[in-house]
Amino acid sequence: MKRIAILISGGGSNMVALARDMVGDHPARPVLVISNTPDAGGLTKAQDLGIDTDVVNHREFADRTSFETALTERLEQAAPDIICHAGFMRILTPAYVDHWTGRLLNIHPSLLPKYPGLNTHARALDAGDTKAGCTVHEVTAELDAGPILGQASVPIHPDDTPKELAARVLKVEHKLYPAVLRRFALGDRSTLHLPVRDETIINARISD
Ligand code: GRF
């Protein structure tokens, strides 16, 4: 049974989707959720799911390296086989990536290599794109640029706002990340192109 640690910074909806999928014959189980912010809403969601949580507050460290040293020490206590970054909003140094290399996943709300970094949905809208989506990739030293393990796309509607598009993409994030983690936990590193046929997602117009 693979041991999964999940790093969050905010609401943790991807963490919830991953945790809820890791049941029954799933080859992995969540063992720890860590946030870099003490007020992350995802912490109580993880506790409600019975998952151990902790906070390694980046504001309590003088620099990135000391923060990551503390983060790695806390992670090592849980002996994770895989670490899922799920809405974790810290840029990581090559030292952290080297330490955990091959065991780090991240979900990014764009169809990489398009729109690495922030404000992905506003950028897709400004560019007049007709589709958007999300990518699960292995974390490497270069931001949002590691080997792609999975992608899912949704249509952009003509009058979409960034908020509406973000909500539509988030719904497929919650399907893509669990599907990719299942495969990755079994050693499958091939790229999954997840078809989205759910009309309620495709036609979603408001962020419910
Ligand atoms: C998601 O869009 C994710 O792709 C990005 O952070 C957003 C919030 O994720 N990295 P969550 O609700 O905290 O999982």
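**Thr69 and the chain around it**

Me: In this predicted model, which helix does Thr69 lie in?
Reply: Helices are counted from the N terminus, and the one spanning residues 64-78 takes in Thr69. The element that holds Thr69 is therefore, by that numbering, helix 3.

Me: How far apart in space are Thr69 and Ala95, C-alpha to C-alpha?
Reply: Along the sequence, 26 residues separate Thr69 and Ala95. In space, taken from C-alpha to C-alpha, the separation of Thr69 and Ala95 is 9.3 Å.

Me: How many helices and strands does the protein chain have, and what is its radius of gyration?
Reply: The secondary structure of the protein chain comprises seven helices and eight strands. For 208 residues the globule rule gives 17 Å, and the chain comes close to that value, so it is as compact as a globular protein of that length. The radius of gyration of the protein chain is 17 Å.

Me: What percentage of the contacts between residues at least 6 apart in sequence join residues at least 24 apart?
Reply: A contact here requires heavy atoms within 4.5 Å, and the contacts considered are those in the protein chain between residues at least 6 apart in sequence. Of these, the share joining residues at least 24 apart is 63%.

Me: How far apart do the centres of the positive and negative side chains lie?
Reply: The protein chain carries 22 positive and 26 negative side chains. The distance between the centres of these two sets is 4 Å.

Terms used. Residues are numbered from 1 along each chain as its sequence is written. This is a predicted model: local features need pLDDT of at least 70, side-chain atom pairs count only at pLDDT 80 or more; totals for chains, interfaces and linings use all residues. Side-chain values use heavy atoms; hydrogens and water are left out. Helices (H or I, at least four residues) and strands (E, at least two) are DSSP runs, numbered from the N terminus. The radius of gyration is taken over C-alpha atoms; the globule rule is 2.2 Å times the number of residues to the power 0.38. Lys and Arg count as positive and Asp and Glu as negative; His and the chain ends are not counted. The place of a charge is taken as NZ of Lys, CZ of Arg, CG of Asp or CD of Glu.
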